[in-house]
Amino acid sequence: MSTFQSTIYQPVIGLEIHAQLQTDSKIFASDAVRFGREANTLISPISLGHPGTLPFLNKKVVEYAIKMGIAIGSEINEWQYFDRKNYFYPDLPKGYQITQDKTPICLGGKIKVKLKSEEKYISFHHIHLEEDAGKSLHEGDNPYSFIDYNRAGTPLIEMVTDPTLHSSEEAFALVSEVRKLVRYLGICDGNMEEGSLRADVNISLRPIGADKLGTKVEIKNMNSIRNIQRAIEFECTRQAAMLDAGEIIIQETRTFDAHTGKTSSMRVKETMNDYRYFPEPDLAPLHISQDWINEVKNTMPLLPWEQEKELIEQFGLPAYDAHFLADTKEMALYFKEAATHTKAHKALSNWLMGPVKSHMNEHVVHIQDLKISPKNLAEIVDLVELGTITHNLAAHQLFPLCIHDTTKTPKQLVDEYGWALADNNEELLQFVQEVISAFPDKVKEYHKGKKGLIALFIGEVMKKSKGKADPKLVNQLVQEALAQ
């Protein structure tokens, strides 16, 4: 995708990334957190804010936020209190949202992203905890809106970057890394289609070389990394055209239409005073001790960049392979389990990046749902590396069969189907002579300079061997026969 370029203006971009935390219950109530349930079935007097009810803090929510802070190198705020953010909207049943305004749980931090031309650290201002709102549903041409409060009270962390991004490419890379990281930590499923991870994007333009920021425009509730990129590109172009025409950009909230690729105005941006923040009177201050932080540290998995380093250093993989395998924690763990059953680590990586990935894409399955065990995949790799079976036959016949028949090992299937490579040179020589005798005209053409015809002879010999012959050996024998 093209990146906005200008000799006059520099884009300044900040992201507010919201991640729903994968807890069993909501942040201040015991209602279950589940996606896709019948509307208004996961609610209670507490999440609806009925008079006389009191919220209580979910401990697991705090621990998940601490995990994220540790992962990006944040400072964990020792003392915190929650605030009420007051605004009236149909999907906000209490008329306010419980959040953290003055004392966010995590301060600072950064994530490294890989861009086309460089690697860059993108810094975070803070991470705070808050509850999600419900959902307003608009169905077809119905003039009425429907409200589903199931999501109200779902725990969120909001990760607020510093305004240090300058392109849609950087935004794309950052949200991709955040999604990978929350999945590694097991704190969020990262499913943007379901709204588990979404972002608000703040964009402004300023003259190149200037320090003062321009007037920012916010694009709300982006739930697609690709659309975040598209929205930034459109908005930068729109704002540049306005500035060129001498028009004034107002601070506003806009929405993005994925069908048209354009943004449109929703409302003029509220100021902080409009929300009338004040401390939440029904929740006690939260104290996070160093002992608690250490307990959470002890539950941390290897992070993506640590996983990459281990795959390179322990298994001797190239950086490209390690980056691919470490893209998900499950893929990396599958590789490491399979690697305990074979020493051909690079060949194993090739299989995961090749036939295995192709199968996953074709059948829309994740590595954890793959029906061939790491041990059996390692056995296939060794059968190929030892020359027992050709790679082509292994990839197109043995591998699919192992997925459908999990009761037998790859070696047992090779024996059962007679797929082991033919190592009888006399038999192969006979096949070679039969093929050469069958194509005398082609032999003459070969000797006249059409060396590419050797592929024909090799292919015919492979057919006679029913694909069991070693292609390298067949190539050698055909060349020797033609040279005589």
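**Close-up views of a predicted model**

**View 1. Helix α5 has the length its residue count calls for.** Helix α5 covers residues 304–315, 12 residues in total. At 1.5 Å a residue these should span 16 Å, and the end C-alpha atoms are 16 Å apart, so expectation and model agree. The model is predicted. Buried positions in α5 are P304, Q307, E308, L311 and F315. Down the helix axis they fall within an arc of 100°, so they line one face of α5. The face turned away from this buried side holds K309, E313 and Q314, which are exposed. Cover for the buried residues comes from elements including β7 (110–114) and α2 (168–185). Helices α6 (319–325), α7 (329–339) and α8 (345–363) are also among the covering elements. After α5 comes G316, with a positive phi near 70°.

**View 2. Helix α4 also has its buried residues on one face.** Helix α4 runs over residues 290–297, and its buried residues are W292, I293 and V296. Viewed along the axis of α4, these fall within an arc of 100°, so one face of the helix is lined by them. D291 and E295 are exposed and sit on the face turned away from the buried side. The buried residues of α4 pack against α1, β2 (75–76) and β17 (286–287).

**View 3. F28 and F82 form an edge-to-face pair.** The structure holds seven aromatic pairs. In this one the ring centres of F28 and F82 are 5.5 Å apart. Their planes stand at 90°, so the pair counts as edge-to-face. F28 lies in the loop between β1 (9–20) and α1 (59–71). F82 lies in the loop between β3 (79–80) and β4 (83–86). The pair therefore ties together parts that are 54 residues apart in sequence. Both F28 and F82 are buried.

**View 4. W351 and F399 make an edge-to-face pair.** The ring centres of W351 and F399 are 6.1 Å apart, with 65° between the planes. W351 belongs to helix α8 and F399 to helix α10 (residues 391–404), so the pair ties together parts 48 residues apart in sequence. W351 has 3% relative accessibility and therefore counts as buried. F399 is buried too, with a relative accessible area of 3%.

**View 5. Lysine charges sit over the rings of Y275 and Y121.** Y275 belongs to an aromatic cluster with Y87 and Y277. The charged end of K85 sits over the Y275 ring, 4.4 Å from its centre. Elsewhere, the charged end of K110 sits over the ring of Y121, at 4.6 Å from the ring centre.

**View 6. A salt bridge joins K120 and E170.** Side chains of opposite charge can pair when their charged atoms come close. A search of the whole structure finds 24 salt bridges. For K120 and E170, the closest N and O atoms are 2.8 Å apart. K120 is in strand β8 (residues 119–131) and E170 in helix α2, so the pair links distant parts of the chain, 50 residues apart. K120 has 19% relative accessibility; the cut-off for buried is under 20%, so K120 counts as buried. E170 is buried, with a relative accessible area of 7%.

**View 7. K102 and D101 meet in a salt bridge.** The N to O distance between these side chains is 2.8 Å. K102 counts as exposed, at 58% relative accessibility.

**View 8. K180 and E177 pair within helix α2.** Their salt bridge has an N to O distance of 3.5 Å. The two residues lie three apart in α2, about one turn of the helix. K180 and E177 are both buried. In a separate network, salt bridges that share partners join E235, R238, E252 and R254.

**View 9. E434 lies in helix α12.** Helix α12 covers residues 425–438. E434 is partly exposed, with a relative accessible area of 33%. From E434 to A199 the C-alpha atoms are 67 Å apart in space. In sequence, E434 and A199 are 235 residues apart.

Technical notes. Residues numbered from 1 in each chain as written. Predicted model: local features only at pLDDT ≥ 70, side-chain atom pairs only at ≥ 80, totals over all residues. Heavy atoms only, no water. Helix = DSSP H or I, 4+ residues; strand = E, 2+ residues; numbered from the N terminus. Expected span 1.5 Å × (residues − 1). Buried < 20%, exposed > 50% of the residue type's maximum accessible area, 1.4 Å probe, protein only. Arc of directions from axis to C-beta. Contact = heavy atoms within 4.5 Å. Phe/Tyr/Trp six-rings, centres within 6.5 Å; stacked < 30°, edge-to-face > 60°. Lys NZ or Arg CZ within 6 Å of the ring centre and 35° of its normal. Salt bridge = Lys/Arg side-chain N within 4 Å of Asp/Glu carboxyl O.
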